[in-house]
Amino acid sequence: MEDALKIGTYSLGSRLIVGTGKYKDADQTKAALEASGSRLVTVAVRRLSQLPGGGDSLIRWLREHDYTLLPNTAGCYTAEDAVRTCRLARELGIAGLVKVEVLGDPKTLFPDVIQTLEACATLVKEGFTVLPYTNDDPITAKKLEDIGCAAVMPLAAPIGSGLGIRNPYNIELIRQSVSVPIIVDAGVGTASDAAIAMELGCDGVLMNTAIAGAKDPVRMARAMKLAVQAGRDAFLAGRIEKRLYATASSPLAGVIGSNQG
């Protein structure tokens with residue numbers, strides 16, 4: 001936990017957050033979650049009945065194995081629906097943290113910013129620890145932080161697209177604009193995408209389709225775990241400056257017989 005991901009009062013030993021949808025069965029879901037090393041797992045409250053075993057057995061297994069649950073409002077298109085869904089999660093006893101997702105339309109699955117801000121404002125007042133899915137806009141990210149959200153979750157690309165980070169410059173602007181954790185959410189396709197997100201200085205990455213939709217979800221989960229760790233280490237280590245011209249790996253300056261110096 002030396003480099004734990006801290007969100008509100010929560011301290012997590014992994015910076016990879018994974019979902020529970022789209023796996024072929026409960027066994028594959030559990031195996032992929034274990035391989036990912038994730039300690040924070042998101043579940044769609046409105047789709048719990050669609051999970052293997054109706055969701056109850058998986059939730060029980062997650063609790064028994066000390067996973068922190070992150071119920072989300074997937075499928076909500078209004079602030080009212082999102083707030084109602086989070087209240088339901090609280091009644092079910094799984095709403096310490098909540099991921100607020102208010103969509104603008106079913107084709108792009110981009111967030112409705114106005115409805116998202118409204119839902120988050122209400123939920124923060126009601127004592128929820130709120131993590132909002134949003135677009136890669138530094139202005140919106142700052143507004144969400146000012147409302148009291150515990151983190152911001154900008155998309156890398158459309159949900160499930162696998163396109164990777166389309167606008168790294170906006171992610172950098174968000175990093176300069178807010179002090180709460182930044183978790184890239186949506187659009188990651190493979191391990192290099194996750195590593196890039198972490199190298200940009202993001203605090204974590206959330207994904208579902210990239211793992212569950214892979215030909216071998218368990219192996220991909222393991223790859224994502226390593227990519228997030230590598231990207232984080234690279235960011236903390238500090239990359240070399242980019243230069244237009246070459247710089248010798250073994251400088252000749254000071255070497256006997258050298259014409260340089």
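Of the 63 residues in the largest nonpolar core, the ones that touch the most other members are Leu62, Val100, Val130, Val152, Met207, Ile211 and Met224. A nonpolar core here is a set of buried Ala, Val, Leu, Ile, Met, Phe, Trp, Tyr and Cys residues joined through side-chain atoms within 4.5 Å, and buried means under 20% relative accessible area, with exposed over 50% and partly exposed in between (1.4 Å probe, protein chains only). The model is a predicted one: local features need pLDDT of at least 70 and side-chain atom pairs count only at pLDDT 80 or more, while totals for chains, interfaces and linings use all residues. Residues are numbered from 1 along each chain as its sequence is written, and side-chain values use heavy atoms, leaving out hydrogens and water.

Take Val152: leaving aside residues up to four places away in sequence, Val152 touches Pro132, Ala141, Leu144, Ile174, Val178, Val180, Pro181, Ile182 and Ile183 (contact is heavy atoms within 4.5 Å). There is also a second, separate core of 13 residues, with Leu12, Ile17, Ile183 and Leu206 among them.

Now for the helices, which, like strands, are DSSP runs numbered from the N terminus (H or I, at least four residues, for helices; E, at least two, for strands). Helix α1 (residues 26–36) packs on helix α9 (residues 217–237) at an angle of about 20°, and their axes lie 7 Å apart. That makes the two helices, α1 and α9, roughly parallel, a label for angles under 35 degrees. On the α1 side, Gln28, Ala31, Ala32, Ala35 and Ser36 make the contact, meeting Pro217, Val218, Ala221, Arg222 and Lys225 of α9. Sorted by class, this contact of α1 with α9 has six nonpolar, two polar and two charged residues (Ala, Val, Leu, Ile, Met, Phe, Trp, Tyr, Cys and Pro count as nonpolar, Asp, Glu, Lys and Arg as charged, and the others, Gly among them, as polar).

Just past α7, Gly201 has a positive phi of about 100°.

Most residues other than glycine have a negative phi. Lys22, though not a glycine, has a positive phi of about 75°; Lys22 sits in the loop between β3 (16–19) and α1 and is exposed, at 60% relative accessible area. Ala186 also has a positive phi, near 90°, in the loop between β9 and α7, but Ala186 counts as buried at 11% relative accessibility.

Note on methods: Axes fitted to C-alpha atoms, helices over the stretch in contact; angles between N-to-C directions. Parallel < 35°, antiparallel > 145°, perpendicular 65-115°, else oblique.
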